[in-house]
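Let's take a look at some charged pairs and a helix packing. Here is the model.

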Amino acid sequence: MNFEDEKDYIMRIIKEAARILFSLLFGRQYVSVEQELRDKYQVSGKNLDDLFGMIDAGDINEAENILLTGIDYGNRDDVAAAALFYQYAGEKEEDFLARHNYSREEVLDGMKCLAEKAGYGDILNTSLD
């Protein structure tokens, strides 16, 4: 597997993880998780678009810290917002992520950690294997 194939594979896993989490959280099947859904979410006292703006500005680690500081893993909207956060970060180019000390592997780890803390770790890991 070459580098391009590997990063495409990781991106597919991130998107599939978001789709599975949304399906589990909201009890209906999602074919894909559309970015338009992000407008309704707020987590850790921040609008999701504000966190996306931080990602766009390269403040990915700081945005993730804010996200994780106040997340309620028992609140499906918080978990959904965090899944959208990781999906959005994972869609950034690899060189952008590297310039800002982040990687797609960290995005995938964050998504897996989110699923585990929200009680969906076993289901998500089984679905992605």
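## Salt bridges and a helix pair

In helix 5, arginine 99 and aspartate 95 join their side chains in a salt bridge, 3.5 Å from N to O (that is, a side-chain nitrogen of Lys or Arg within 4 Å of a carboxyl oxygen of Asp or Glu). The two sit four residues apart, about one turn of the helix. Arginine 99 is exposed, at 54% relative accessible area, while aspartate 95 is partly exposed at 47%. Here buried means under 20%, exposed over 50% and partly exposed in between (1.4 Å probe, protein chains only).

This is a predicted model: local features need pLDDT of at least 70, side-chain atom pairs count only at pLDDT 80 or more, and totals for chains, interfaces and linings use all residues. Residues are numbered from 1 along each chain as its sequence is written, and side-chain values use heavy atoms, leaving out hydrogens and water.

The structure holds three salt bridges:

| Pair | N to O distance |
|---|---|
| Lysine 92 and aspartate 56 | 2.6 Å |
| Arginine 104 and glutamate 94 | 3.2 Å |
| Arginine 99 and aspartate 95 | 3.5 Å |

Arginine 104 is in helix 6 and glutamate 94 in helix 5, so their pair ties together parts 10 residues apart in sequence. Arginine 104 is buried at 6% relative accessibility, and glutamate 94 is buried too, at 15%.

Helix 6 (residues 104–117) also meets helix 4 (residues 76–90): their axes come within 9 Å and cross at roughly 165°. That makes the two helices roughly antiparallel (angles over 145 degrees).

Definitions and conventions. Axes fitted to C-alpha atoms, helices over the stretch in contact; angles between N-to-C directions. Parallel < 35°, antiparallel > 145°, perpendicular 65-115°, else oblique.
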